[in-house]
Amino acid sequence: MTDTTPNAPSRTVVEMSQIVLPQHTNALGTAFGGTIMSWVDICAALAAQRHSRRAVVTASMDQLDFVAPIRAGQMVSLRAMVNYAGRTSMEVGVRIEAEDMLTGERVHAASAYLTFVALDEAHRPCAVRALVPETEEEKLRWAEAQVRRQQRLELATRRKELADARRSANAP
Ligand SMILES: CC(C)(COP(=O)(O)OP(=O)(O)OC[C@H]1O[C@@H](n2cnc3c(N)ncnc32)[C@H](O)[C@@H]1OP(=O)(O)O)[C@@H](O)C(=O)NCCC(=O)NCCS
């Protein structure tokens, strides 16, 4: 039976490390963005599963900012945590750092926010347990995630209106 005990964001943290091999690079010899996105998606999905104890699907990856290039041979460390839980969806934040294994220098390379939806056995969205932020930092993350969620919903509504308007305009 699925655990319904309220959960703290700190208990959803997932950390993952990867080394950037030649097959992960682009023509410039730095990490290919698509590979980083795939690692981000996996790390974030595990955090969402750790909270919901359900199968989850990625509903959106609405912000992925690359702030510094990651070079071949560097270690990529990903840290994911559920920031916010709605009824069936969860927003997960991921911080990506790159470490030079020879010098030990570590830099912030990217950050991302993703939304996952928990699914039941019939693959329909299902309710997740409550997420209860405890620390000031977690409460701040929750509040910021709520703003992003509102913006996402408004954007989705606006997009739908525009698509409906285009369909009406093209209707014979
Ligand atoms: C994500 C998906 C399950 C949502 O299904 P749906 O029928 O739109 O579900 P609902 O309208 O009931 O919304 C369910 C939740 O998803 C959220 N949601 C739906 N679309 C979203 C989007 N594009 N971005 C963020 N959240 C979204 C809703 O806000 C709602 O959250 P809440 O319950 O916390 O309020 C469905 O669109 C889907 O299966 N998409 C494909 C997923 C996939 O294949 N991902 C890639 C591989 S994992």
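**Reading a predicted fold, feature by feature**

Tutor: Five strands make up an open sheet, ordered β1-β3-β4-β5-β2, with antiparallel pairing. The edge strands are β1 (14-19) and β2, each pairing on one side only. From one strand to the next, the twist averages 25°. Keep in mind that this is a predicted model.

Student: What holds strands of a sheet together in general?

Tutor: Strands pair through backbone hydrogen bonds, in a parallel or an antiparallel way. Take β4 and β5 here: they pair in the antiparallel sense over 11 bridges.

Student: Which strands does each helix touch?

Tutor: α1 packs on the sheet and touches β1, β2, β3, β4 and β5. Its direction makes about 45° with that of β3. α2 also packs on the sheet, touching β2, β3, β4 and β5. For α2, the angle with the direction of β3 is about 80°.

Student: How do I read the nonpolar core?

Tutor: Start with the general idea. In soluble globular proteins, nonpolar side chains tend to be buried together. In this model, the largest nonpolar core has 34 residues, and A44, A47, A80, V92 and V94 touch the most other members. At least two residues each come from α1, β3 (75-85), β4 (89-99) and β5. β5 gives the largest share of this core, eight residues.

Student: What does V94 touch, leaving out residues up to four places away in sequence?

Tutor: V94 touches V40, C43, A44, L78, R79, A80, S111 and A112.

Student: How much of the protein chain is buried?

Tutor: Of its 172 residues, 27% are buried.

Student: Why does R53 count as partly exposed, and why does H123 count as exposed?

Tutor: Count the C-beta neighbours inside 10 Å. R53 is partly exposed because it has 15 of them. H123 has 9, so it counts as exposed. The cut-off for exposed is 12 or fewer, and buried needs 20 or more.

Student: Which residues surround the ligand?

Tutor: The ligand is surrounded by V57, T58, A59, S60, G86, R87, T88, S89, T115, V117, P125 and R152. By class, this shell has four nonpolar, six polar and two charged residues. β2 (55-66) and β5 (106-119) each supply at least two residues of the shell. β2 gives the most, with four residues.

Student: What does D62 touch, not counting residues up to four places away in sequence?

Tutor: D62 touches Y113 and R152. D62 lies in strand β2, and R152 is one of the residues around the ligand. D62 and R152 are 90 residues apart in sequence, yet 8.3 Å apart in space, C-alpha to C-alpha. D62 is partly exposed because 15 other C-beta atoms lie within 10 Å.

Key:
Residues are numbered from 1 along each chain as its sequence is written. This is a predicted model: local features need pLDDT of at least 70, side-chain atom pairs count only at pLDDT 80 or more; totals for chains, interfaces and linings use all residues. A residue is near a molecule or strand if its C-beta atom, placed from the backbone, lies within 6 Å of it. Ala, Val, Leu, Ile, Met, Phe, Trp, Tyr, Cys and Pro count as nonpolar, Asp, Glu, Lys and Arg as charged, and the others, Gly among them, as polar. A nonpolar core is a set of buried Ala, Val, Leu, Ile, Met, Phe, Trp, Tyr and Cys residues joined through C-beta atoms within 7 Å. Two residues are in contact if their C-beta atoms, placed from the backbone, lie within 7 Å. Two strands pair if DSSP finds at least two bridges between them. Axes are lines fitted to C-alpha atoms, for helices over the stretch in contact, and angles run from 0 to 180 degrees between N-to-C directions.
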